[in-house]
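Please keep the viewer open and follow the points in order.

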Amino acid sequence: MTVPTLTRDMMPVVSYPDALASTPTHYCPGCTHGIAHRLVAEVIDELGIAQDTIGVASVGCSVFAYNYFDVDFAQAPHGRAPAMATGLKRTSPGKIVFTYQGDGDLASIGSAEILHAAARGENITVVFINNAIYGMTGGQMAPTTLPGQRTTSSPLGRDVASQGYPLRMSELLAQVDGSAFIARRSLHDVVNIRRAKKSIRKAFEVQQQGLGFAMVELLSSCPTNWGLSAQDALDFIRDELVPAYPLGEFKVPPPPPDAGEREAR
Amino acid sequence: MARKLLKGNVAFAEAAVRAGCEAYFGYPITPQTEALEHMARRMPELGRSFVQAESEVAAINMVYGAATAGVRVMTSSSSPGVSLMMEGLSYIAGSRVPVVLVDVMRGGPGLGNIAPAQSDYNQMVKGGAHGDMKMIVLAPATVQELIDLTVEAFDLAERYRCITVVLADGSLGQMMEPAELPPMRPPRPLEARPAWALTGARGRDPQTITSIYLDPEEEEAYNMELQATYRDIERREVRYVEERLEGARIAVVAFGTAGRLSLTAIEAARAEGIAVGLLRPVSLFPFPEERLRRLAEDVDALLVVEMNAGQMVSDVQRVTRERVPVHFFGRTGGVVPMPEEVLDAIRGVHAGLAREEAVA
């Protein structure tokens, strides 16, 4: 195949994001971490903030996220990324700080840290990957595992009578006064991926504007630990996860005070 | 600057402010809460960062985050709170960022009580956290020393890129003494942060701060670097105070408040004609091993006095290797020994030596 030469009337419509390192990832085939990484990197490029951004990686499959983004990165203890991000943000004037956390990290061991970062209105951006399972340790039950879902630590299916109910973190954090932007999106098809990117962009813009805590939850696949093919895993998100975890923006910042005025003029 | 009557907890907090501490993250716990309260008012007043965290777990990770940004940062707590910080301390040691921690110890185990104790020696000196890590541990005996060592802790933490602990106890935190605060040192400007700090990849390649090395060989090599730093600290940063050791046949070895009250007992024993002196380790890591070994050659007996059931005493035994009898006197659970009790212990050791001589 010959690559056409770019001419004046031909503009590239897609390219490899600058903020994404050209490193092969360790993620499994069919895993949507790669899509989430790309969307975050595209947003960092579009906002032109790569040189002022500091990421905080968590513990789980995304522990090596710092290898895949071309920005400064810290790596936090399990669940503590929002606390680390708090320390970084408070002492780094003008910098953009984001965490990238999975569901075990954010909704289980780090539930206190995420809740209180939101309550403080900590001016950080959180990218929350919800695939309803512990990926890195080999498919154990997560706080987001669906009722009846089989995992290696709920081998007969999650029994809510003894193993409790899944946590809906976006709904939970949206009712905290300190949160400014909370959205849940899905990565199972192109339409939803595009919506996810818009919400990720908003979550970074909210931080740029100093409006408070922003989080985007992304429903993601784990074909390996779900025991499904890549395509079946995407269908599982659509058919099982989306009904349990409704998509949408649960909290958006109020319009700037002069917006109505401008419209009135 | 004139000497003022200062409460220990307020004194070390203000000393940290003057040492250029730019961020404080903490959680209330007796008997050190006055430090957090002082920072709550003082830090915002100076345009610096203060957060009362949701737990000690969160507090130490906020400290970790700020440390990766390259600022002078600290927290303070007391024994049960410090236990909760152990995870974070291991990560901080494992990623080589400078942090200062003041531990105002209280009686334990468990919830214990809020009375002064030296129950955290093992936790701080031997490492209560996972992995081959060490922290510099400095033990003050007066409010003035608490101030001076807090200032020094920031310099040491930065010099070696490690955690420096100021190990005080409830009596030091709560007592008021005349002391002098250091002059105000301005915080470091943004552009002068260390080269390793995470400041955004402007004009340089992106960098990471992490404590994960999946390849065991690589992790071992990294550990060897850490160990080389610890050996360097052992060579260069030993601190101790000695009192009345001239001609002493018995040496009391005690740190912090135990060292201070032992000195009162030593003066009384001297008045009774007992040749006794004091070696007060100020740095617990690095431990004054070389001085202690020489001392073991010079005296006939050692008496270790601690406000615990016997923690530093095992280090004294290890270092002196049975060259000299090592006796122990301790009160634990938050009981502070009275100088008279220590005096009795000194008399007991002295009487034992006299009996041995009579038999010989």
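1. Let us begin with the domains. The assignment for chain B gives domain 1, covering 4–201 + 215–236, and domain 2, covering 240–359. Please keep in mind that this is a predicted model. Taken over C-alpha atoms, the centres of domain 1 of chain B and domain 2 of chain B are 29 Å apart.

2. How do the two domains meet? In this contact, 28 residues of domain 1 of chain B touch 22 residues of domain 2 of chain B. On the domain 1 side, at least two residues each come from helix H6 (121–127), E6, E7, helix H8 (170–174) and helix H9 (216–236) of chain B. That side of domain 1 of chain B is made up of 16 nonpolar, eight polar and four charged residues.

3. Now for the sheet. Chain B has an open sheet of seven strands in the order E3-E2-E4-E5-E7-E6-E13, and the pairing is mixed. Its edge strands, each pairing on one side only, are E3 (49–52) and E13 (283–285) of chain B. On average, and ignoring direction, neighbouring strands of this sheet are turned by 20° against each other.

4. At one end of that order, E2 (residues 23–26) of chain B runs parallel to E3(B), and four bridges join them.

5. Helix H3 (residues 56–68) of chain B lies across E2, E3, E4 (73–77) and E5 (99–105) of chain B, and runs at about 165° to E4(B). Helix H7 (residues 143–160) of chain B also packs on the sheet, where it touches E5, E6 (136–138) and E7 (163–169) of chain B. The direction of H7(B) makes about 165° with that of E7(B).

6. H3(B) has a helix neighbour too. H3(B) packs with H5(B) at an angle of about 15°, the axes being 8 Å apart, and the two helices are therefore roughly parallel to each other. The crossing is right-handed. From H3(B), the contact uses Val57(B), Ile60(B), Asn61(B), Tyr64(B) and Ala67(B); from H5(B), it uses Glu87(B), Gly88(B), Leu89(B), Tyr91(B) and Ile92(B). By class, the residues of this contact are seven nonpolar, two polar and one charged.

7. Which chain B elements face chain A? The contact between the chains takes 34 residues from chain B and 30 residues from chain A. On the chain B side, E2, E3, H3, H5 (86–95) and E9 (208–209) each give two or more residues. H3(B) supplies the largest share, eight residues. The chain B side divides into 18 nonpolar, twelve polar and four charged residues.

8. Strand pairing also crosses between the chains. E2 (residues 72–75) of chain A pairs with E9(B) in the parallel sense over two bridges. There, Ala74(A) stands opposite Ile209(B).

9. Finally, some backbone details to check by eye. The peptide bond from Thr30(B) to Pro31(B) is cis, with omega near 5°, and Pro31(B) sits in the loop between E2 and helix H2 (33–45) of chain B. The bond from Gly108(B) to Pro109(B) is cis as well, with omega near 0°; Pro109(B) belongs to the loop between E5 and H6 of chain B. Arg161(B), in the loop between H7 and E7 of chain B, has a positive phi of about 50° although it is not a glycine.

Definitions and conventions. Residues numbered from 1 in each chain as written. Chains lettered and ligands numbered in written order. Predicted model: local features only at pLDDT ≥ 70, side-chain atom pairs only at ≥ 80, totals over all residues. Pairing = 2+ DSSP bridges. Axes fitted to C-alpha atoms, helices over the stretch in contact; angles between N-to-C directions. Contact = placed C-beta atoms within 7 Å. Nonpolar A, V, L, I, M, F, W, Y, C, P; charged D, E, K, R; others polar. Domains from an automatic or database assignment. Parallel < 35°, antiparallel > 145°, perpendicular 65-115°, else oblique. Left-handed = near helix turned anticlockwise from the far one by under 90°.
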